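Work through the exercises below with the coordinates open. Each task is followed by a stepwise solution.

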Amino acid sequence: MAKKFFHSRIGSFVFFALAVCAFFFLRSATFAHGWMAEIYGASFVSIMLWIIPAIAAVLLIYMLLPERLRDNKALRIVHVVFCVLGGVVFGYTAQILFSISWPVMGFTYVRGWDNLAPSMVYLLAILVLPFAWLVVPVLKRRSRTAIAVLASVILVVMLVAPYIADHAQTLGMETLPLVLDIGDDKYSVVFVTTRRAAAHVQIDVDDGETTYFASAEDGRLRTGTVHSVIIPREQLNNHTYRIILREVLLSVDSGVEYGEVYTSRDFNFRGEFIDNPNILLGADLHNQGDNMILAAENFDAEPDLFIMLGDMSAMLNTPQRLNRYIIGFGGDVTGGEIPAIFVRGNHEMYGEYTHLIRPGLGMPSFYFQTRRGNILFTVVDSVDWHGEAPDFRPHVRDSANGWTNDLFRQEQIDWLASLEPGDETLHFLLVHRPNFGHDDLFAQMVRLGTHMQLSGETHRLALELPGAEGNRFEVPFPLLVAGGPSQGYGGPMICSMLHVRGMNAHVIAYCNDNVRHMDETIELSLAQPPIEENLYQYDVEE
């Protein structure tokens, strides 16, 4: 009985449906494409997105064959092989999309459906048509007519609904504003709007007066959905601001036609701190920012600064990934009321839309210095390819680890060599890859008087001190690797907070399962004496 069902048209349809689902699962799991490319090769995902439809096509052809041909022994063997392949790819892609494992199943399961949702109508349409071909012939004429009408309505809705939804969406803020410290005593206020608009930031200054700054590009008013407003720090610090949008109906060389006007709620920005700051750290989130936010809820203190230490997004294969996983996530964490610093990671260079990041965030450069209170931050970019290649993945290993990219490395080393030590109390190095530059970079940072390095990349939580036995990266000053997914790309997320108190740094780290993984204080000084072993290290699977 089972064998008869297996080779029946209904049986073929079941495995065809599994293969179709596998295609949409893999296509939707964009947060996993980056690590899959690193493990299996840059072309793995694109090849699989061709192989899986081929499996589905073979099963569909078998289902459509006359019964006398389906009884052929050779064809049945082929059918069995492709049914097995369809089941295997379904199971594999379902695990990737939904990460069906304990204890994080609830979060990743919901995230999987969230990523799959935009493709559901197409998935259902592809499954309904073959199923209708199987069922309709055995139905009465009236039932067949009803199904034909229903199928036509579904097809029309599928084609028209996206346009209706886009038109029906009201003008407003798709994300909260993300206020980035971009160096040179400037902020970039970044946000995404639901519809195409021109945008301004209105700031309340003393005596009831207001001042305005526009979202502009090359001196011209920017019209679109992604906005960056450059504001001098002293104009925004400790002031209230709001976003004002003017819908753009038509934009031509002769002028712009505006429509609806929107004003956001007030944001009370507390931008400066002098001493004793609480610095929230996020690293290697790979589109799992919801888990980091859950982990951060365990901290008692409110952050004064949020540092994004790279790999916020798994890859930039659509413009929406920038909007959602960098701008949107940063806005959710900061609420538009504290500043953030963005450090680019290697996964921010995966995908064909990586060139959007720097202009989208309003950053003149991915490496710079900025001073906040009594702390000097030096931001180093460990993953650039002397510019912004459309797809950086083929170059990541060579440029970041193998040091064949001498041009860009030397450019940053020369920049550091041109700097003079600052008079700030503390100096922190921010770089995604802990060992980027190694001797050349570290020599310059020692010359500039660095007290501590903050990094990501390795998907673990570690605090390493200079001179310690087993110091993995041989860093000449204390190094905090700030956490990330603690069991690979789908595991519980560890988030860290750095409490700077005078010349001490107190590190606290929590996981989104509410477990505390670090609670240590170290003394910061320019010359750390050798010690026997690292103060703390939490090794996990990379």
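**Exercise 1. Overall picture**

Task: State what share of the residues in the protein is buried, and describe the fold in totals.

Solution. 
- Buried residues account for 52% of the 542 residues.
- The model is a predicted one.
- Its secondary structure amounts to 16 helices and 22 strands.
- Take the contacts between residues at least 6 apart in sequence: 71% of them join residues at least 24 apart.
- The accessible surface is about 24100 Å², and carbon and sulfur atoms hold 58% of that area.

**Exercise 2. Confidence**

Solution. 

**Exercise 3. Two phenylalanine pairs**

Task: Classify the ring pair of phenylalanine 13 and phenylalanine 16, then that of phenylalanine 25 and phenylalanine 90.

Solution. 
- The structure has 12 aromatic pairs in total.
- For phenylalanine 13 and phenylalanine 16, the ring centres are 6.2 Å apart and the planes meet at 40 degrees, so this pair is tilted.
- Both residues belong to helix H2 (residues 9–28); they are three residues apart, about one turn of the helix.
- An α-helix has 3.6 residues a turn, so residues three or four places apart point the same way.
- Phenylalanine 13 and phenylalanine 16 are both buried.
- Phenylalanine 25 and phenylalanine 90 also form a tilted pair, at 5.6 Å centre to centre and 40 degrees between the planes.
- This pair links distant parts of the chain: phenylalanine 25 is in helix H2 and phenylalanine 90 is in helix H6 (residues 73–98), 65 residues apart.
- Phenylalanine 25 has 7% relative accessibility, so it counts as buried.
- Phenylalanine 90 has a relative accessible area of 26%, so it is partly exposed.

**Exercise 4. Other ring contacts**

Task: Which residues do ring pairs link into a cluster, and where does the charged end of arginine 344 sit?

Solution. 
- The cluster consists of Tyr187, Tyr241, Phe267 and Phe269, linked by ring pairs.
- The charged end of arginine 344 sits over the ring of phenylalanine 366, at 3.8 Å from the ring centre.

**Exercise 5. Helix faces**

Task: Find the buried residues of helices H11 and H16, and see how they are arranged around each axis.

Solution. 
- Helix H11 (residues 289–296) has Gly289, Asn291, Met292, Ala295 and Ala296 buried.
- Viewed down the axis of H11, these fall within an arc of 155 degrees, so they line one face of the helix.
- In helix H16 (residues 438–447), the buried residues are Leu441, Phe442, Gln444 and Met445.
- Their arc is only 160 degrees around the axis, so they lie on the same side of H16.
- Just after H16, glycine 449 adopts a positive phi of about 80 degrees.

**Exercise 6. A glutamine in a helix**

Task: Is glutamine 412 buried or exposed, and which residues does it touch?

Solution. 
- Glutamine 412 lies in helix H15 (residues 406–417).
- Its relative accessibility is 3%; buried means under 20%, so glutamine 412 counts as buried.
- Leaving aside residues up to four places away in sequence, glutamine 412 touches Tyr367, Val380, Asp381 and Phe436.

Technical notes: Residues numbered from 1 in each chain as written. Predicted model: local features only at pLDDT ≥ 70, side-chain atom pairs only at ≥ 80, totals over all residues. Heavy atoms only, no water. Phe/Tyr/Trp six-rings, centres within 6.5 Å; stacked < 30°, edge-to-face > 60°. Helix = DSSP H or I, 4+ residues; strand = E, 2+ residues; numbered from the N terminus. Buried < 20%, exposed > 50% of the residue type's maximum accessible area, 1.4 Å probe, protein only. Lys NZ or Arg CZ within 6 Å of the ring centre and 35° of its normal. Arc of directions from axis to C-beta. Contact = heavy atoms within 4.5 Å. Areas by Shrake-Rupley, 256 points an atom, 1.4 Å probe, with all protein chains shown as cover.
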